[in-house]
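Me: I would like the terms used for this fold checked against their definitions. Please go through them one by one.

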Amino acid sequence: MATTRPFTLGAVAYDPKVVTIWEGFKDWFADQGFAFDYVLFSGYEAQAEAHLAGHVDATWDSPLAWVRTRRLAAAAGRTARSVAMRDTDQDLTSVVLVRSDSDITDVAHLTGRTVATGAIDSPQATLLPLAHLAGLGLQPGSSFEVRRFDIGVTKHGDHVGGERDAVRALVAGEVDAACVIDGNHLAFAKEGTIPPDAVRTLTRTAPYDHCTMTVLDGVDEATVDRFAELLLSMSFDDPVVRPLLELEGLREWRPGRTSGYEQLEAAVDRLGFYGPDGSILAEGYPR
């Protein structure tokens, strides 16, 4: 006898708390009469390919995973759309930090220096800031040396260890600058990784968006609409939902948008990370 599969989400297991989050959401969805399940992946590349193959109905995507999923879908004659994102995913920036006592006071002074970044596939701590510097006339690898901290590769920078190590190298004087998302800059200062007044911001990217809930055409629209409706209805005042929202780093879900990915699309092309069809081009990156 055939059974109907629950609406199934793909998510990346970048931290043990991911299980707690989606188990809790699964129970909450069940209480709303919505059949929901999830599948965890070790990295976003496998998740994107599984999504295109129809193994899941939606994916909780990093910004870079959105770019690849959109490109893979377009190459297959399909359409990807964003149905929801966190309030904390919108209008973010990354910064290039230097030590407060550094003689680097202008971006041009990075010529011949060493710039630390996060992992090779980190949108916020590698791709976006390096493309930003390239747009200002400094080519990574030729105008300046790039020292990457490849932690959690294929997790698209969800593991902040690479950014933290980049900042530690900066504070220790091992590199001349470090790239981080602004939120982690503040967090590293709060936790003591960055001592008081130890660094300053040299330059900042334009605002961009982060994670998104992605669906492809071909999934029952009424089910997708109900899924999105339930996400948007989650209340921070609900004692059942609030701990899960806090673990996931948001106060409310918002309708999805894709205008905030234009900068990353350009960065991916400028730095040759993916091809127009979603193929992986980055040298040394797992295929």
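**Sheet, crossover and pockets**

Reply: Five strands form an open sheet of mixed pairing, in the order 7-6-8-5-9. The model is predicted, so local features need pLDDT of at least 70 and side-chain atom pairs pLDDT 80 or more, while totals for chains, interfaces and linings use all residues. Residues are numbered from 1 along each chain as its sequence is written, and side-chain values use heavy atoms, with hydrogens and water left out.

Me: Why are strand 7 and strand 9 called edge strands?

Reply: Strand 7 and strand 9 (199-204) each pair on one side only. Strands are DSSP runs of E with at least two residues, helices are runs of H or I with at least four, and both are numbered from the N terminus.

Me: What makes strand 6 and strand 8 a pair?

Reply: Two strands pair if DSSP finds at least two bridges between them. Strand 6 (residues 114-117) and strand 8 (residues 177-181) have two bridges in the parallel sense, so they count as a pair. Ala116 stands opposite Ala178 in strand 8.

Me: How do you know that helix 4 packs on the sheet?

Reply: Contact means heavy atoms within 4.5 Å. Helix 4 touches strand 5 (94-99), strand 6, strand 7, strand 8 and strand 9, and its direction makes about 120° with that of strand 8. Helix 5 lies across strand 5, strand 6, strand 7, strand 8 and strand 9, at about 150° to strand 8. Such angles run from 0 to 180 degrees between N-to-C directions, with axes fitted to C-alpha atoms, for helices over the stretch in contact.

Me: Why is the crossover from strand 1 to strand 2 called right-handed?

Reply: Strand 1 (residues 7-12) and strand 2 (residues 36-41) run parallel, joined by six bridges. The chain crosses from strand 1 through helix 1 (residues 17-31) to strand 2. With the strands pointing away from the viewer, a path over the helix that runs clockwise is right-handed, and this β-α-β crossover is right-handed.

Me: What makes a site a pocket, and what volume has the largest pocket?

Reply: On a 1 Å grid over the protein atoms alone, a pocket is an open set of points with protein on both sides within 12 Å along at least five of seven lines, whereas a cavity is a set where a 1.4 Å probe fits but cannot get out; lining residues have an atom within 4 Å of a point. The largest pocket has a volume of about 720 Å³, the space filled by probe spheres set on points joined across faces, edges and corners. Helix 6 gives the largest share of its lining, six residues.
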